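Trainee: I have a structure open and would like to go through it with you. Can we start with the surface?
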Amino acid sequence: QIIPSFSYFDAGRVKLIGGPSWRSQLMSQESQGMSRVYFIGDEVKENMDLINKFSSKYKKRPKVLEHRAFDALKVVQMILSGKNIDNLNELNRSVVALKRIQGQSGEWDLIDQNWQKNMLALQMNKGKIEKAFSPN
């Protein structure tokens, strides 16, 4: 199977195959027969409260999409908590005033009026996802 890859200027010898959406059960299963591939992602911490409530209601564990949705709503709750926001300008000021947003899947920093998230280099090797370039 041929997988398109790309590289960054400052990491020219590392072939990347995609972003955070590559962190899935299906891709992990598909990678069983592939050689080592790299992708950009974030450190996903399990939220046991979400897992327990979701599993109780839907009789299955939440997947990456559900974790992301829960994380997004927690961030929105943090931004709006204790504030009386009546319009978009007030919302923008409230978000910019934070300078840093902490979510379940990482931190976003406001740098030069752009939200930036530190991402990890991850590798998928024989169905297992792990940090790339870390000493064993």
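Predicted model: local features only at pLDDT ≥ 70, side-chain atom pairs only at ≥ 80, totals over all residues.
Trainee: What share of the residues is buried?
Mentor: Of the 136 residues in the protein chain, 29% are buried. Buried means under 20% relative accessible area, exposed over 50%, and partly exposed in between, with a 1.4 Å probe and protein chains only.
Trainee: Next topic. How many helices and strands?
Mentor: The protein chain has four helices and eight strands. Helices (H or I, at least four residues) and strands (E, at least two) are DSSP runs, numbered from the N terminus.
Trainee: Which residues of H3 are buried?
Mentor: In H3, the buried ones are His-67, Asp-71, Val-75 and Ile-79. Seen down the axis of H3, its buried residues fall within an arc of 110°, so they line one face of the helix. That arc is taken from the directions from the helix axis to the C-beta atoms.
Trainee: And what is on the other side of H3?
Mentor: Leu-65 and Leu-73 are exposed there.
Trainee: What do the buried residues of H3 pack against?
Mentor: They pack against helix H2 (48–58), helix H4 (88–98), S4 and S5. Contact means heavy atoms within 4.5 Å.
Trainee: Which strands form the open sheet?
Mentor: The sheet has three strands in the order S4-S5-S6, with antiparallel pairing. Two strands pair if DSSP finds at least two bridges between them. Strand S4 (100–103) and strand S6 (114–117) stand at the edges, each with a single partner strand, so one side of each is left without a neighbour in the sheet.
Trainee: How many bridges join S5 and S6?
Mentor: Strand S5 (residues 106–111) and S6 pair over four bridges. Ile-111 stands opposite Asn-114 in S6.
Trainee: Last one: where is Leu-120?
Mentor: Leu-120 is in strand S7 (residues 120–125). Leu-120 has 23% relative accessibility and counts as partly exposed.

Notes:
Residues numbered from 1 in each chain as written. Heavy atoms only, no water.
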